[in-house]
Amino acid sequence: MANYHPSDELLMQFSAGQMPNALGIMVACHLETCHHCNRRIKVYEQLGGEIMQDTAPVEVGSNVLSELLLKLDKPETEESSAQKPYASVDPRIPRPLSRFVPSYFDQLEWSGMSRSIKEFELPISDTQYSAKLYKISAGKELPVHTHKGNEFTLVMDGSFSDKAGDYHQGDFILADTQTVHQPKAADNADCICFAVLDAPLKMTGFFGRMLNPFLS
């Protein structure tokens with residue numbers, strides 16, 4: 001069971017369908033196993049429904065319904081077909097993300113800063129957010145860093161810790177410009193996280209600062 005959850009503001013945005021793709025997929029992944037947040041989502045959806053019932057109706061064009069039905073009847077394009085879940089999806093990958101990860105974690109083309117810290121770019125980034133997977137080898141840690149903006153992290157496999165706490169599978173963590181930390185993977189297993197960022201990391205340690213030109 002997750003111990004760290006999205007804020008009420010994020011859950012309200014999600015229930016109203018007002019969340020950008022990458023962040024919305026991350027929240028959906030968390031909801032897949034979090035009964036606590038699912039209960040809150042139902043409350044916000046009910047509240048949204050009551051607000052709509054109290055809202056004065058607005059007249060729309062006579063062709064709106066027919067255009068909507070026409071769109072629903074359109075055959076799938078190659079692009080939409082390509083977003084179907086991969087056949088050999090890793091069972092550790094939540095279903096909302098499975099269509100964007102082509103193989104098991106161990107078979108992905110990881111790249112990154114060192115042999116112990118890797119990343120995999122996800123094809124759901126947009127103009128506001130970049131999305132990627134991070135893999136930290138067992139017992140290894142990232143350089144000390146802060147953030148130029150917000151970084152949302154969902155633990156997908158293994159666990160990691162920093163001075164603020166220990167984070168396990170399903171935990172949803174926000175780090176921002178006030179956060180200075182050095183995440184370290186647990187000694188017994190690699191840690192794989194789904195991260196969504198609206199700005200790059202900013203390394204603060206002596207060796208870390210040399211990496212900053214490669215992170216912007």
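## Salt bridges

Let's start with charged pairs: this structure holds six salt bridges, each one a side-chain nitrogen of Lys or Arg within 4 Å of a carboxyl oxygen of Asp or Glu. One of them joins D8 to R40, with the closest N and O atoms 2.4 Å apart. D8 sits in helix α1 (residues 8-15) and R40 in helix α3 (residues 35-53), so this pair ties together parts that are 32 residues apart in sequence. D8 is partly exposed, at 37% relative accessible area, while R40 counts as buried at 17%. Those words have cut-offs: buried is under 20% relative accessible area, exposed is over 50%, and partly exposed is in between, using a 1.4 Å probe and protein chains only.

D90 is buried, at 1% relative accessibility, whereas R92 is partly exposed at 28%.

## Before you go on

What you're looking at is a predicted model, where local features need pLDDT of at least 70, side-chain atom pairs count only at pLDDT 80 or more, and totals for chains, interfaces and linings use all residues. Residues are numbered from 1 along each chain as its sequence is written, and side-chain values use heavy atoms, with hydrogens and water left out.

## The whole chain

The chain has seven helices and 10 strands. Here helices (H or I, at least four residues) and strands (E, at least two) are DSSP runs, numbered from the N terminus. Of the 216 residues in the chain, 38% are buried. The chain exposes about 13,200 Å², and carbon and sulfur atoms supply 53% of that; accessible areas come from the Shrake-Rupley method with a 1.4 Å probe, and for residues only the protein chains shown count as cover.

Now for contacts, meaning heavy atoms within 4.5 Å. Take the contacts between residues at least 6 apart in sequence: 65% of them join residues at least 24 apart.

Strands of a sheet pair through backbone hydrogen bonds, either parallel or antiparallel. In this model, five strands make an open sheet in the order β1-β2-β9-β4-β7, with antiparallel pairing. (Two strands pair if DSSP finds at least two bridges between them.) β1 (117-121) and β7 (172-175) are the edge strands, each pairing on one side only. β1 and β2 (residues 130-136) are paired over five bridges, and I117 stands opposite I136 in β2.

Helix α2 (residues 21-31) lies across β2, β4 (151-157), β7 and β9 (191-197), and runs at about 140 degrees to β9. For that angle, axes are lines fitted to C-alpha atoms, for helices over the stretch in contact, and angles run from 0 to 180 degrees between N-to-C directions. α2 is mostly covered, with 10 of its 11 residues buried, including L23, I25 and M26.

## A nonpolar patch

On the surface, L65, L68, L69 and L72 form a nonpolar patch with about 420 Å² of accessible area together. Patches are made of residues with over 30% relative accessible area and no salt bridge; like charges are joined within 9 Å, and nonpolar side chains (Val, Leu, Ile, Met, Phe, Trp, Tyr) within 5 Å. L72 lies in helix α4 (residues 64-73) and is exposed, at 62% relative accessible area.
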